[in-house]
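Subject: Structure for you to look at

Hello,

Here is the structure I said I would pass on. Please open it first, then read the notes below with the model in view.

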Amino acid sequence: MTAALALFAAFATAGVPIAFALGAAALAGLWLIEGAPLRIVASRIFAGIDNFSLLAIPFFILAGDLMETGGISQRLVTLARVLVGHVRGGLGNVVLIAMLFFSGISGSTNADAAAIGSVMIPAMKRHGFGAGHAGALVAAAAGMGILVPPCLTMVVYGSITNTSIATLFAAGFLPALIMTAALMFHLRIDAQRLGLKPEPRISWRDRARALRQALWALLLPVIIFGGILGGIFTPTEAAVVAVIYAIIVGMLVYGEVTPSYLVRSLLRTGVTSGIVMLLIGAANIFAWLMTVSGVPAAIASGIQSIGGGMVFLLMSILVFLPLFALLDGLPGMLMIMPVFVPIAQHLGVDLVHYGILMTAVMGIALFLPPVGVGLYIVLGLSGATLGEISRHLLPYLATMTAVAVLIAFVPWIVYLVPYLFGLYAPR
Amino acid sequence: MNELRALAIGLDRWVAKAETVVIVVLVAMLTAVTFAQVCARYVLGDPLIWSEEAARYLFVWVSMLGAALALREGGHFGLDLLIRRAPALKPALGPMVTIVTALFLLILLKTGIDETNLASRQFAMTFPMRMQWAYLALPTGAGLMLFHLAIHFIRSPSMHILDIRREPE
């Protein structure tokens, strides 16, 4: 088993795409197990993809793609601006609140960073923010936004571990709000130090107008979460309703979705799904190997002897941060889940708690200098160097990591909202 | 030789176009079937029994074809840290990476064909279709990925798979 993991590391370092590296390493592992049937390869990939919960992935990608037109991000930014622009920290707060709204529509962190960043970074630069600071704020906000459902990471995690995706979605809200509050507080201190001026206060009439213009876009998360949390739709069904809603609003109300845009969106959805699903399939072969080998159980008993669950959660954060930064988030998660999730189960860690912690860490890792993929999006948009962004971003990421540790130690942050909606019963 | 090369590249473009059309149609069908399920259950009050299973098999096809087109366009995630830091290694690593990828795809093709043959004796649970039509997505996807990989190799034997970056046509 160690051989398969070492081989994976070697393949991945050489640059074999993660899905194929996982598959090829698993092949070697199968070879080493006496009498393991090769047909596992095809059957585990098929079984890995053939899962109704995972159908939420293409639908959330498609709905997000249709809602990510320029007009909608502009409207959500305007709404955030009239709401919090006057708070000390000014446009920095606007970035955070706009990201809360926008992440509730889109399931993709990189798309969030690009959409909000392209509107807000130029605006922040005009209002006295340095390019590095502006880029760092967008990166931190997008990293927080991964916790706001709908979230593809949660769909994948929930489908693979058989954890309720509705519960995971509900569980993400409070951690997202706490992380936003922590970042706003951090920004407030920065604002004093850097002498950033807040925007003028906006009249209630203008606020009402901004709300009216953003209403169609904001109704989408209301439909999704109303449906899921109210127990009306499964997440997959809510996602397809979101697609139909996005097509109607995009075509008829905002007029930004044309038939050719729709066809391109369908194609992008198919290709992105293919990339994600091949990874899930290959990771499923790996998971089979891990179960057969009994390695996770052995590691679990080792951790048990040095302190159990809490030690494991902190260890997970330390392993996930560099791993997810290097392996672009989701591929890293799929690679490590077959090892770490069984350990969590052996140690009696709640899988909803573990999933939210993993998601929070992924948000930080995606923007972790110098390798996080999301970082390169804000680099391009802000025109700052990696060094300038890192100098501003690392303190924010430290604040976010502190929140992640808080989530690890105080599980009720995760359970509270699902409990209120009857999706979680305390043990 | 050059003509053969041009022919192969032309074929690659044609295959990619066919994949594009099929993916767009399948994703549209996937959306329609699942939305029909929601409408039937909540609007008509008469749930469809076949929609969920049909959507799952459609998605297996979408996934395998999407993965194939992604391979052509260089969309699969990989760790490019080493080849960015040490570009001198690239000509040596490129063919190795291609071989490892091809090896996995060959095994997927072979086992996919076996599973498809086995599945010809089973039927889908909720509608009359032989399961081979669902499993066929695996060898088809693996075959197409091998094809695109071979064309990349013909274009430039020393290319590294992570260097491929192209827009869908």
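**Salt bridges**

A search of the whole structure, which is a predicted model, finds 10 salt bridges over all chains. One to look up is in chain A, where the side chains of A:Arg268 and A:Asp65 meet with an N to O distance of 2.8 Å.

**Where chain B meets chain A**

How many residues of chain B are in contact with chain A? There are 59 of them, and they touch 55 residues of chain A. The size of an interface is often given as the accessible area lost when the parts come together. Between chain B and chain A the buried area is about 4,900 Å², and carbon and sulfur atoms give 82% of that area.

On the side of chain B that touches chain A, the elements giving two or more residues are α1 (2–42), α2 (51–73), α3 (81–85), α4 (90–119), α5 (132–135) and α6 (137–155) of chain B. The largest share, 15 residues, comes from α2(B). Sorted by class, the residues on this side of chain B are 40 nonpolar, 13 polar and 6 charged.

**A pair of helices in chain A**

Two packed helices are described by the angle between their axes and the distance between the axes. For helix α15 (residues 309–326) and helix α16 (residues 330–346) of chain A, the axes come within 11 Å and cross at roughly 170°. Because angles over 145 degrees count as roughly antiparallel, α15(A) is roughly antiparallel to α16(A). Residues of α15(A) that make the contact include A:Phe312, A:Met315, A:Val319 and A:Phe320, and among those of α16(A) are A:Met333, A:Ile336 and A:Phe340. The contact of α15(A) with α16(A) has 11 nonpolar residues, 2 polar residues and no charged ones.

**Backbone details in chain A**

From A:Pro149 to A:Pro150 the peptide bond is cis, with omega near 0°; A:Pro150 is in the loop between α8 (131–145) and α9 (152–161) of chain A. The peptide bond from A:Pro369 to A:Pro370 is also cis, with omega near 0°, and A:Pro370 lies in the loop between α17 (351–365) and α18 (373–382) of chain A.

Which residue has a positive phi although it is not a glycine? A:Asn162 does, at about 60°. A:Asn162 is placed in the loop between α9 and α10 (165–194) of chain A.

Regards

Key:
Residues are numbered from 1 along each chain as its sequence is written. Chains are lettered from A and ligands numbered from 1 in the order in which they are written. This is a predicted model: local features need pLDDT of at least 70, side-chain atom pairs count only at pLDDT 80 or more; totals for chains, interfaces and linings use all residues. Side-chain values use heavy atoms; hydrogens and water are left out. Axes are lines fitted to C-alpha atoms, for helices over the stretch in contact, and angles run from 0 to 180 degrees between N-to-C directions. Helices (H or I, at least four residues) and strands (E, at least two) are DSSP runs, numbered from the N terminus. Angles under 35 degrees count as roughly parallel, over 145 as roughly antiparallel, 65 to 115 as roughly perpendicular and the rest as oblique. Contact means heavy atoms within 4.5 Å. Ala, Val, Leu, Ile, Met, Phe, Trp, Tyr, Cys and Pro count as nonpolar, Asp, Glu, Lys and Arg as charged, and the others, Gly among them, as polar. Buried area is the accessible area (1.4 Å probe) that two parts lose on being put together, summed over both. A salt bridge is a side-chain nitrogen of Lys or Arg within 4 Å of a carboxyl oxygen of Asp or Glu.
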